[in-house]
Amino acid sequence: MTPKLPIKIAAHDFRVFHGQEESLRGITLNIPANRILGVIGPSGSGKTTFLRALNRLNDLAPETRINGQVLLDEQDIYAPSFNVVTLRKRVGMLFALPVALPMSIFENVVYGPRLSGVRNRKRLEEIVETSLKAAFLWDEVKDRLMMSGLRLSGGQQQRLCLARVLAMEELEVILLDEPCSGLDPISTAKIEEALTILKAKYTIILVTNNTKQAARVADETAFFLMGDLVEHGPTEKIFTVPDDQRTNDYVTGRFG
Amino acid sequence: MNLNGEKIAKYALMTVAFSAVASLLLIAVFIFKEGLPFMFKVGLRDFLFASDWDPMAGKYGIYPMIVASLWVTLGAMLIGAPLGVAGAIFLNEFVPKPVMRVIKPTIELLAGIPSVVFGFLGVMVLAPWIRATMGGPGLSVLAASVILGIMVLPTVISISTDAIGAVPNSYREGALALGATRWQSVYMVTIKAARSGIIASIILAMGRALGETMAVIMVAGNTVKIPHSVTDPVRTLTANIALEMANATGMAREALFATGVVLFVVIMILNGVALSTIKGRVRRK
């Protein structure tokens, strides 16, 4: 088995309510650093809610309430003293639909650093090059960095979004919400390849509807169902000898 | 029977629709027919760029009125556009949805207040205040600008609010997820994405300010003179038509139609620009 790694994110009996409905029913989950955690489960199982809770995007919906704790490096991210803007700089997020902002490729990538106050042109250019390289997009766009990001293809836009997340200097955790659901196999392969390299530096949480993708890239896998965490363990165990019958049914494609 | 009913409904609606369009078209044709020959008789230079307006003496220079209209419209935009856009941003981004559902229709109701009421407020409250604090007659470019600036607020707010509301939520989330504060996401992403709609709202408001007549007559002072300060009284193009029409005959009457042509063309250009800005946004998507 893999050696014990430090815990990056820990959820303790974490609950999310949307109005009357309990979308997450007491999740307790330790996420180790420098690993890819795959989160699988049928739609409506709470995967995305869990992911969005980790950088507090759920805050934006007024009728959402939470209960329990999420610790990032042993600090409660929902504590009143915790700065949500700092949190989102440390915990970056990639959405299912690529959201290129309505500006040039260059400006898209340096958006985060600019917000943090980086002004030096030379420094910004370095950030753009390293981030785009890490997202496997550099070769395709290096000659047209001033073109609008909206004119890239879907797969390219998603990698642009990845580069934008990677450009943040404070980044420690990358959240991915079904990042490849609308992409072609080649773009998907490029993103998966980028992730396996990036885990040396970051903690990665990958929500996916594609169980094969979790099997390919995740070190650990968590299976969500109806707002419950059914099972969490090393990926090969979840996909071969899971403890729970429901996990077995899902990964073998019997439902979901 | 049923089929006949369909046919009748179709042709009835068609007739109504066509007559609406036709009447607009006829008005336009009539204005041009009455105004254009005059322009060529007097000469475009003596009409558009001469400063003497004295129909009795055969002088038809509307230059002071053109300048006045531009000043008043510009002033109204300086006041109305920032207030309106700021209001739209505030309503969309910082006010809870249920509150906005009350406030937005209320603001749109402002558009239903008759302009004579705005003008009356200007005469009774604003003009005396300007006279007391800044000198001059009170009835002035400034008074007209302020009143018009308030009058165009519903146009600016309502169209800008729609444009900002149409910005996909994913843009906001995308910016926030990168560690933007609420305000940073607004000015770096939302406003950029809604830019064309906001610009269109300002241009439409400009057309409205340029065409407004009653409130302007009441507060602008109506002196035919090129203004040298914001406290000077002025007469706009619209005010000129309304004030002179009662006793205009012959050439003077044609001069007023020609003034109408000038207004018509300017407002058409503004609306055309506004429409193409809005369309441009749709095409880019």
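A crossing is left-handed if the near helix is turned anticlockwise from the far one by less than a right angle, and right-handed if clockwise. Helices (H or I, at least four residues) are DSSP runs, numbered from the N terminus. The model is predicted: local features need pLDDT of at least 70, side-chain atom pairs count only at pLDDT 80 or more, and totals for chains, interfaces and linings use all residues. Residues are numbered from 1 along each chain as its sequence is written, with chains lettered from A and ligands numbered from 1 in the order in which they are written.

**Exercise 1.** Describe how H5(B) and H6(B) cross.

Step 1. The axes, lines fitted to C-alpha atoms over the stretch in contact, with angles from 0 to 180 degrees between N-to-C directions, come within 10 Å for helix H5 (residues 115-134) and helix H6 (residues 141-151) of chain B, at roughly 140 degrees.

Step 2. H5(B) is therefore oblique to H6(B) (under 35 degrees is roughly parallel, over 145 roughly antiparallel, 65 to 115 roughly perpendicular, the rest oblique).

Step 3. The handedness of this crossing is right-handed.

**Exercise 2.** Identify partners of Ala143(B) beyond four places in sequence.

Step 1. Contact requires C-beta atoms, placed from the backbone, within 7 Å.

**Exercise 3.** State how H4(B) passes H7(B).

Step 1. The axes of H4 (residues 97-110) and H7 (residues 153-165) of chain B come within 8 Å and cross at roughly 145 degrees.

Step 2. The crossing is left-handed, and its contact includes Lys104(B) and Glu108(B) of H4(B) and Ser158(B) of H7(B).

Methods
Two residues are in contact if their C-beta atoms, placed from the backbone, lie within 7 Å. Helices (H or I, at least four residues) and strands (E, at least two) are DSSP runs, numbered from the N terminus.
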